[in-house]
Amino acid sequence: MNVLVIIGHQNQGSFCHAITDTAVRELEALGHQVIYHDLYGERFDPVLPQAEIPKDAPLEPVIRKHCDEVAAADGYVVVHPNWWGQAPAMLKGWLDRVFRQGVVYEFTPEGVNGFLKGKTAVVITTSNTPRDLEIKLFGDPLENFWKAVVFNFCGVEDFTRRNFESIILSTPQQRQGWLEETRQIIRQRFPTP
């Protein structure tokens, strides 16, 4: 499988990076081809210019490359922290510019036609708010965003999300357990070809 891995965290030493590194190593060990983008490390420009909005707009080469990679991928792994119930602006800007009409979906008289049918998506997030408190106060906005708003809209039905929390209160042993769980998720969602 061709798996696109995206991380949206600015700190190279973050637990999100440890999760991403674990996922990449596991995917490669399983024999998958990995395309990896550290959006902050690459200084991806998340600002969507007006001229880029039309479906047939000419795209900068880096945006065209990302679009082509998304379209060609068999699966996706996205890792990021939960900031105010949302993905960081960098990652949202990547979605705005790359998950474009004509690349991952189109509008038809019958409704939306998602182009990512038959593909697999895994989203792993981290947060500091304890899970029971977050659910009580906010529900799970990231689950709805990634599952319904992004991936289901684009045709992906094989979707998994896992949130690790509370990062700020976690022990090294908990984090090691979460990295092992990351390996298990990758093995389950992206089995050996």
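The structure is a predicted model, in which local features need pLDDT of at least 70 and side-chain atom pairs count only at pLDDT 80 or more, while totals for chains, interfaces and linings use all residues. Residues are numbered from 1 along each chain as its sequence is written, and side-chain values use heavy atoms, with hydrogens and water left out.

We can start with the helices. Helix α1 (15-29) and helix α6 (172-189) have axes that come within 9 Å and cross at roughly 40°. Such axes are lines fitted to C-alpha atoms, for helices over the stretch in contact, and angles run from 0 to 180 degrees between N-to-C directions. The crossing of α1 and α6 is right-handed; a crossing has this hand if the near helix is turned clockwise from the far one by less than a right angle, and is left-handed if anticlockwise. On the α1 side the contact (heavy atoms within 4.5 Å) is made by F15, A18, I19, T22, A23, E26 and L27, and α6 brings R175, W178, L179, T182, R183, I186 and R187. By class, the residues of this contact are eight nonpolar, two polar and four charged. In this scheme Ala, Val, Leu, Ile, Met, Phe, Trp, Tyr, Cys and Pro count as nonpolar, Asp, Glu, Lys and Arg as charged, and the others, Gly among them, as polar.

With α2 (61-72), α3 packs at an angle of about 85°, the axes being 9 Å apart. That makes α2 roughly perpendicular to α3, a label for angles of 65 to 115 degrees, whereas those under 35 count as roughly parallel, those over 145 as roughly antiparallel and the rest as oblique. Here I63, H66, C67 and V70 of α2 meet W94, R97 and V98 of α3, a set with five nonpolar residues, one polar and one charged.

The partner in the other packing is α5. Helix α3 (residues 89-98) and helix α5 (residues 141-152) lie with their axes 13 Å apart, at an angle of about 15°. That makes α3 roughly parallel to α5. The crossing of α3 and α5 is right-handed, and L91, K92 and L95 in α3 meet F145, W146 and V150 in α5. This contact has five nonpolar residues, no polar ones and one charged.

Next come the spaces. On a 1 Å grid over the protein atoms alone, a cavity is a set of points where a 1.4 Å probe fits but cannot get out, a pocket is an open set with protein on both sides within 12 Å along at least five of seven lines, and lining residues have an atom within 4 Å of a point. Grid points are joined across faces, edges and corners, and a volume is the space filled by probe spheres set on the points.

The largest pocket has a volume of about 370 Å³. Of its 18 lining residues, N82, W83, T126, S127 and N128 lie nearest its centre. Both α1 and α4 (131-138) supply at least two residues each to this lining, which has eight nonpolar, eight polar and two charged residues. The second largest pocket holds about 180 Å³, and its lining includes K92, L95, F145 and V150. Helices α3 and α5 each supply at least two of the lining residues.

There is one cavity of 30 Å³ or more. Its lining consists of L4, I6, Y76, V78, W94, F99, W146 and F151, with eight nonpolar residues and no polar or charged ones.

The peptide bond from E165 to S166 is cis, with omega near -10°, and S166 lies in the loop between β7 and α6. In the loop between β2 and α2 sits R43, where phi is near 55°, a positive value in a residue other than glycine.

Definitions and conventions. Helix = DSSP H or I, 4+ residues; strand = E, 2+ residues; numbered from the N terminus.
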